[in-house]
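Here are my notes on the model you asked me to look over. Keep the viewer open and follow along point by point.

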Amino acid sequence: MKRTITVTGTASATAVPDLVTLTLGVETRRDTAAKAYDDAGRAAGAVTASLREAGVTDVDLRTSGLNLRADLVWVEGQGQKVTAYVASTTLQVGIRSHADAPAAIAAAVAAGGDDIRINGIEQGFADATSVTAQAQKAAWLDALARAQQYASLASARLGQVKSIAQEPVHGTPIPLGGMVRASYSTESLPVEAGESSVTASVAVEWELL
């Protein structure tokens, strides 16, 4: 049976991101469920309208959550009592220009008033093909260098590649200060592009000669 060696190579490639993904929430607290639901719908409509006016296209607007619940408190001797009804919805917004992001965010906050929440911001790539290819090539070279080193320590050399397996890599979003309320709506906070990275990992098995 021929000897083999299996190593995992990991590497990252960086580039300036070209896509800002914003997570917005709309939450209303009212005396009745119907009022909370209706007002949440109006607020969400105003927010999406402001984003469209700021240049966000329909394909980059997506509703990802909808919730209607009763707020309950425990009253001694009376049990649970409903204090209000809360309706909420979540919007995922893609902004394809960093230059447009601050104005678009400020417009959404102004339109949503006290009912809007900013739950997070993530920067990435509309098309990550190129930067992913760079990361994959670097991961392969990392695996090759490791394998050559171990083969040399074993007084052997590398033969044919027996198998290649791409390993899963989990990314982490870049948060923007948790939750920002509408009291900041008059300010346009800057959105700095910086660099975003894509990581690739590959497991490769070689014959040892």
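**Notes on the fold**

1. Start with how the chain holds together. Take contacts between residues at least 6 apart in sequence: 84% of them join residues at least 24 apart. Keep in mind that this is a predicted model.

2. Now the parts list. Of the 209 residues in the chain, 36% are buried. The accessible surface is about 12200 Å², with 51% of that belonging to carbon and sulfur atoms.

3. Next, look for the open sheet. Four strands make it up, in the order S3-S4-S2-S5, and the pairing is antiparallel. Strand S3 (61–75) and strand S5 (116–124) sit at the edges with a single partner strand each, so one side of each has no neighbour in the sheet. From one strand to the next, the twist averages 15 degrees. If pairing is new to you, strands of a sheet pair through backbone hydrogen bonds, either parallel or antiparallel.

4. Zoom in on one pair of strands. S2 (residues 19–30) and S4 (residues 79–95) run antiparallel and are joined by 11 bridges. To get your bearings, pick Thr 21: its bridge partner in S4 is Gly 94.

5. Helix H2 (residues 101–112) lies across S2, S4 and S5, and runs at about 165 degrees to S5.

6. Which residues of H2 are buried? They are Ala 101, Pro 102, Ala 104, Ile 105, Ala 106, Ala 108, Val 109 and Gly 112, and they pack against S2, H1, S4 and S5. Just after H2, Gly 113 takes a positive phi of about 60 degrees.

7. On to the inside. In soluble globular proteins, nonpolar side chains tend to be buried together. Here the largest nonpolar core has 21 residues, and those with the most contacts inside it are Leu 22, Leu 24, Val 47, Leu 51, Val 93, Ile 95 and Ile 105. S2, H1, S4, H2 and S5 each supply at least two residues of this core, and the largest share, 5 residues, comes from H2.

8. Click on Leu 22 to see some of this up close. Leaving out neighbours within four places in sequence, Leu 22 is in contact with Leu 91, Gln 92, Val 93, Ile 105, Ile 118, Gly 120 and Ile 121. There is also a second, separate core of 19 residues, including Val 7, Ala 13, Ala 151 and Leu 158.

9. Last stop: Ala 70, in strand S3. Is Ala 70 buried or partly exposed? Its relative accessibility is 32%, so Ala 70 counts as partly exposed, given that buried means under 20% and exposed over 50%. Not counting residues up to four places away in sequence, Ala 70 touches Val 82, Ala 84 and Tyr 85. Ala 70 and Ala 84 are 14 residues apart along the chain, and their C-alpha atoms are separated by 6.0 Å.

Key
Residues numbered from 1 in each chain as written. Predicted model: local features only at pLDDT ≥ 70, side-chain atom pairs only at ≥ 80, totals over all residues. Heavy atoms only, no water. Buried < 20%, exposed > 50% of the residue type's maximum accessible area, 1.4 Å probe, protein only. Contact = heavy atoms within 4.5 Å. Areas by Shrake-Rupley, 256 points an atom, 1.4 Å probe, with all protein chains shown as cover. Pairing = 2+ DSSP bridges. Axes fitted to C-alpha atoms, helices over the stretch in contact; angles between N-to-C directions. Core = buried A, V, L, I, M, F, W, Y, C linked by side-chain atoms within 4.5 Å.
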